[in-house]
Amino acid sequence: MLADPDRAVASSAVRAYLDRRAAALLTTPGCPSWCAELTGPVAADAFSARRLSEWTLLRAMTLGEPWGPAALLAATDRLQLRTAGTCPSARALTALTADGRTRRIRAAAASRLSTVGG
């Protein structure tokens with residue numbers, strides 16, 4: 001699909017697929033192998049590669065696997081907002097409360113942090 005002559009359409013279709021599948025597989029045991037399978041094919045499209053990387057980071061934060069706050073703070077607003085709204089990690093929410101990119105992200109993280117127990 002990424003070989004389509006209309007790069008914007010191809011990239012958009014790949015990202016939509018990534019988002020659908022990653023959301024469905026996020027906490028399943030099959031997610032790491034699915035991500036590894038896609039790493040090569042999406043490498044040609046920097047935006048899609050970054051999106052896949054961010055899903056991997058969200059999985060790590062959600063499941064309590066190793067991750068670094070610097071990666072979250074360097075992530076897109078989209079991932080920071082998703083993390084603030086859905087991630088159960090008090091560590092991630094604390095990082096976003098302090099240093100999230102926008103006021104909206106910081107406020108959402110602070111609100112969730114109070115319910116998660118950080």
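Helices are DSSP runs (H or I) of at least four residues, numbered from the N terminus. The model shown is predicted: local features require pLDDT of at least 70 and side-chain atom pairs pLDDT 80 or more, whereas totals for chains, interfaces and linings use all residues. Residues are numbered from 1 along each chain as its sequence is written, and side-chain values use heavy atoms, with hydrogens and water left out.

View 1. Not counting residues up to four places away in sequence, Trp67 touches Leu57, Ala60, Met61, Leu72, Ser89, Arg91 and Ala92; contact means heavy atoms within 4.5 Å. The C-alpha atoms of Trp67 and Ala90 are separated by 13 Å, the two residues being 23 apart along the chain.

**View 2. Ser89 in the loop between α5 and α6.** With a relative accessible area of 12%, Ser89 is buried. Residues up to four places away in sequence being left out, Ser89 touches Met61 and Trp67. Ser89 lies 9.6 Å from Ala60, C-alpha to C-alpha, at a sequence separation of 29 residues.

**View 3. Buried residues of helix α6 (residues 90-99).** The buried residues of this helix are Ala92, Leu93, Ala95 and Leu96. They cover an arc of only 160° around the axis, which puts them on the same side of α6; the arc is that of the directions from the helix axis to the C-beta atoms. The buried residues of α6 pack against α3, α4 (69-74), α5 (77-86) and α7 (103-116).

**View 4. Packing of helix α2 (residues 31-42) against helix α3 (residues 46-63).** Two packed helices are described by the angle between their axes and the distance between the axes. For α2 and α3 the angle is about 165° and the axes are 10 Å apart; axes are lines fitted to C-alpha atoms, for helices over the stretch in contact, and angles run from 0 to 180 degrees between N-to-C directions. The two helices α2 and α3 are therefore roughly antiparallel to each other (angles under 35 degrees count as roughly parallel, over 145 as roughly antiparallel, 65 to 115 as roughly perpendicular and the rest as oblique). The crossing of α2 past α3 is left-handed, a term for a near helix turned anticlockwise from the far one by less than a right angle, with right-handed denoting clockwise. Cys31, Pro32, Trp34, Cys35, Leu38, Thr39 and Val42 of α2 make the contact with Ser48, Ala49, Leu52, Thr56 and Arg59 of α3. By class, eight nonpolar, three polar and one charged residues form the contact of α2 with α3 (Ala, Val, Leu, Ile, Met, Phe, Trp, Tyr, Cys and Pro count as nonpolar, Asp, Glu, Lys and Arg as charged, and the others, Gly among them, as polar).

**View 5. Packing of α3 with α5.** The axes of α3 and α5 are 11 Å apart, at an angle of about 20°, and the two helices are therefore roughly parallel to each other. Their crossing is right-handed. On α3 the contact is made by Arg51, Glu54, Trp55, Leu57, Leu58 and Met61, and on α5 by Arg78, Leu79, Arg82 and Thr83. The contact of α3 with α5 comprises five nonpolar, one polar and four charged residues.

**View 6. Thr76 in the loop between α4 and α5.** Thr76, at 23% relative accessibility, counts as partly exposed. Beyond residues up to four places away in sequence, Thr76 touches Arg50, Glu54 and Arg101. The C-alpha atoms of Thr76 and Arg50 are 9.1 Å apart in space, and the residues are 26 apart in sequence.

Conventions. Buried < 20%, exposed > 50% of the residue type's maximum accessible area, 1.4 Å probe, protein only.
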